[in-house]
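Biologist: Hi! I am new to reading models like this one. Could you walk me through the terms as we go?

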Amino acid sequence: MSAPERRKEPTDEELVARLVSGDRSAGDSLVNRHSGLVAKTVRQAGASPEDVEDMVQDIFLRAFRKASRYQPSKGRFTAWLATVARNDALNHLRRRRASTVSLDEALLSAGMTSDGGAEIT
């Protein structure tokens, strides 16, 4: 008696092709398979622990919108996904830093100083 045949898991490339053709379950499979890689990439880029989960979701959404650009002949899907994740994480962090205002800057723009007194102008 022969052993039962094991169902072969689809490759990343097969899942991406299915995703591009509209198969949402392929996207779910890719998220389940690679969310750890994306989270690790986001953390290495410098994201705070409380931002990682939201950033991972955003990155997968953007990666899925860009999935038709993935070319298996140029490299593995995981390398492409890690590059998308790193670039998106760095862009997110740059935007966040650019929009952050120091307390002194905020007080100064409100006409106050950090020592509690009002600035005379």
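Modeller: The structure holds four aromatic pairs. Please keep in mind that this is a predicted model, where local features need pLDDT of at least 70, side-chain atom pairs count only at pLDDT 80 or more, and totals for chains, interfaces and linings use all residues. Residues are numbered from 1 along each chain as its sequence is written, and side-chain values use heavy atoms, leaving out hydrogens and water.

Biologist: What makes the pair of Tyr-70 and Phe-77 edge-to-face?

Modeller: Their ring centres are 5.6 Å apart and their planes stand at 85°, so the pair is edge-to-face. Ring pairs also link Tyr-70 and Phe-77 with Trp-80 into a cluster.

Biologist: Why does Phe-77 count as buried?

Modeller: Buried means under 20% relative accessible area, exposed over 50%, and partly exposed in between (1.4 Å probe, protein chains only). Phe-77 has 4% relative accessibility, so Phe-77 counts as buried. Tyr-70 is buried too, at 8%.

Biologist: Which residues touch the most other members of the largest nonpolar core?

Modeller: A nonpolar core is a set of buried Ala, Val, Leu, Ile, Met, Phe, Trp, Tyr and Cys residues joined through side-chain atoms within 4.5 Å. Of the 25 residues in the largest one, Val-38, Val-42, Phe-77, Trp-80 and Leu-81 touch the most other members. The largest share of this core, seven residues, comes from α4. Helices like that one are DSSP runs (H or I, at least four residues), as are strands (E, at least two), numbered from the N terminus.

Biologist: Why is the contact between Arg-62 and Asp-88 called a salt bridge?

Modeller: The rule asks for a side-chain nitrogen of Lys or Arg within 4 Å of a carboxyl oxygen of Asp or Glu. The closest N and O atoms of Arg-62 and Asp-88 are 2.9 Å apart, and the two form a salt bridge. This pair links distant parts of the chain, with Arg-62 in helix α3 and Asp-88 in helix α4, 26 residues apart.

Biologist: What makes Arg-62 partly exposed, and is Asp-88 buried or exposed?

Modeller: Arg-62 has a relative accessible area of 27%, so Arg-62 is partly exposed. Asp-88 has 9%, so Asp-88 is buried.

Biologist: How far apart are the closest N and O atoms of Lys-66 and Asp-88?

Modeller: They are 3.9 Å apart, and Lys-66 forms a salt bridge with Asp-88.

Technical notes: Rings of Phe, Tyr and Trp (its six-membered ring) pair if their centres lie within 6.5 Å; planes under 30 degrees apart count as stacked, over 60 as edge-to-face and the rest as tilted.
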